[in-house]
Amino acid sequence: MDGALKNEKVTILEILAARIVNFEPASISDNALHTVKAGIADTIGVALAGIFEDCSQIMLNIPGVADAPGPCLVFGTNRWVSALDATLVNGIASHALDFDDFSDVLGGHQSVPLVPVLIALAQKHELSGRDIINAYAVGFEVEHRFAMAVNPHHYDKGWHPTATLGIFGTVAASAHLLGLDQEKTTTALAIASSMAAGIKANFGTMTKPLHIGHSGRSGLLAVLLAKDNFTANHASMEHHQGFFALFNGDDAFNPDALAEDWNGPLALELPTIGIKQFPCCGSTHQAITAMINLMRGNNLSADDVKSLVVHTHPRRFLHTNNPFPNSTLEAKFSLQYAVARAFNDSAVRLKDFQDGAFHQPKIKQLLNTIKATPFGSDGAPQGEPWDAEIKVTLKNGEVLKSRVNSMVGRSGNNAMSIVELKEKFDDCASRALTDAQREAAFQRLMTLENLADIGALMINLQIASA
């Protein structure tokens, strides 16, 4: 443990705040810079699609929410609101489709706690693309250091790390962007420790994307309060009734990651930072890919199938074992539906989570043949956290198998190309933007470091009427 932690007068959050305040932008490598820009572009793209989802529209219509004018755009609309309201609504929209990027280490989605708040603050304060990039890198690092301190126990216990840990990334990024000093940054982090929330029991409902909007707004509120001298306990992490003890329990955390120097490669360099290729829970992507791979060269239909067995890791299985989904959001967290759709179409697309697609006769027929069990259970093979295996037994007795190993979305050596990123952005943004707007927005996002004023980007994200 960092020697400073042995001094009771120096708290974990004070040490972490010093790292945030003293962050060196020069530590962002070219590879890390691309990761930042890809994450920001991807998040804005999925938010442009997600703004039309019911969860986003309901929040937009709540009295007192996003109905007072301000300097910040709700993406894909013509509504300009306060930074707090923009962070709330854009945060919900960015996670509404569960199509946003994710990280193995975080156990959640790294960009949605950062992008809505940073874009909002950059508009309010007329900041540059480079300012956003630097602040994103800080928030990303803090999210992952919290994850290294509390995961996998935190994740397995049932917390939603995108919200419960992402809020600290929101605070770190916002505090850095606004230039808060170490004292006020510490206070903002301490305030956030009382505002962190989000449980997996609400996966598959509108409350999951609400986690993101709520935690983003709460993180920004914590920063704004601290900026104006609000108070909080700087020892709220290590206190016997503090964050670590309550969220994880005694001896189920390791605070060293929060106190260590940021001397090595940034967390942005991790090879397991995945962009989503499919618009559903990332814990289903391995099985989807295995199913698509199996279908190559096999001209099969639901009528050919006697049984279809899917195995994923218990950590993936727990929140995706939903054999017969009855709503769009349930379908996004249904391993069985994802595999059935991949079998039927050799693809999984946005349209597959619209208009009751999960009730189509051929899909229902397939769902009745699918058995999903976790690796290591009776009769199941062994597998690592990001593996999946498919076994299809045909009515003629033939058995086909397919396995995917260590796949965290499209990451590492299997990362999305610029062309693929653009295709996904266009698919999502086409719900709101014209062809010209999409082209201009994507080009600006992928050259964000050269954008002197974020306001130039917002012109491309606004529609003429909402």
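Predicted model: local features only at pLDDT ≥ 70, side-chain atom pairs only at ≥ 80, totals over all residues.
Q: In which sense do strands β5 (residues 305-312) and β6 pair?
A: Two strands pair if DSSP finds at least two bridges between them. Between β5 and β6 there are five bridges, and the sense of the pairing is parallel.

Q: Which residue of β6 stands opposite valine 310?
A: Valine 310 has its counterpart in strand β6. The residue opposite is alanine 372.

Q: With which residue does arginine 341 meet in a salt bridge of 3.6 Å, N to O?
A: A salt bridge is a side-chain nitrogen of Lys or Arg within 4 Å of a carboxyl oxygen of Asp or Glu. The partner of arginine 341 in this contact is aspartate 352. The pair links distant parts of the chain, 11 residues apart: arginine 341 lies in helix α17 (335-345), and in the loop between α17 and α18 (361-367) lies aspartate 352.

Q: Is aspartate 352 buried or exposed?
A: Aspartate 352 also meets lysine 351 in a salt bridge (3.3 Å, N to O). Lysine 351 is partly exposed, because its relative accessible area is 47%. Aspartate 352 has a relative accessible area of 1%, so it is buried.

Q: How many residues apart in sequence are the parts that arginine 438 and aspartate 426 tie together?
A: The closest N and O atoms of the salt bridge between arginine 438 and aspartate 426 are 3.5 Å apart. Arginine 438 lies in helix α20 (residues 435-446) and aspartate 426 in helix α19 (residues 418-429), so the separation of these parts is 12 residues.

Q: Which residues are linked with Asp426 and Arg438 in a network of salt bridges?
A: A search of the whole structure finds 20 salt bridges. The network that holds Asp426 and Arg438 also includes Lys422, Asp435 and Glu439.

Q: What percentage of the 466 residues of the chain count as buried?
A: The chain has 21 helices (H or I, at least four residues) and eight strands. Its residues that count as buried make up 61%.

Definitions and conventions. Residues numbered from 1 in each chain as written. Heavy atoms only, no water. Helix = DSSP H or I, 4+ residues; strand = E, 2+ residues; numbered from the N terminus. Buried < 20%, exposed > 50% of the residue type's maximum accessible area, 1.4 Å probe, protein only.
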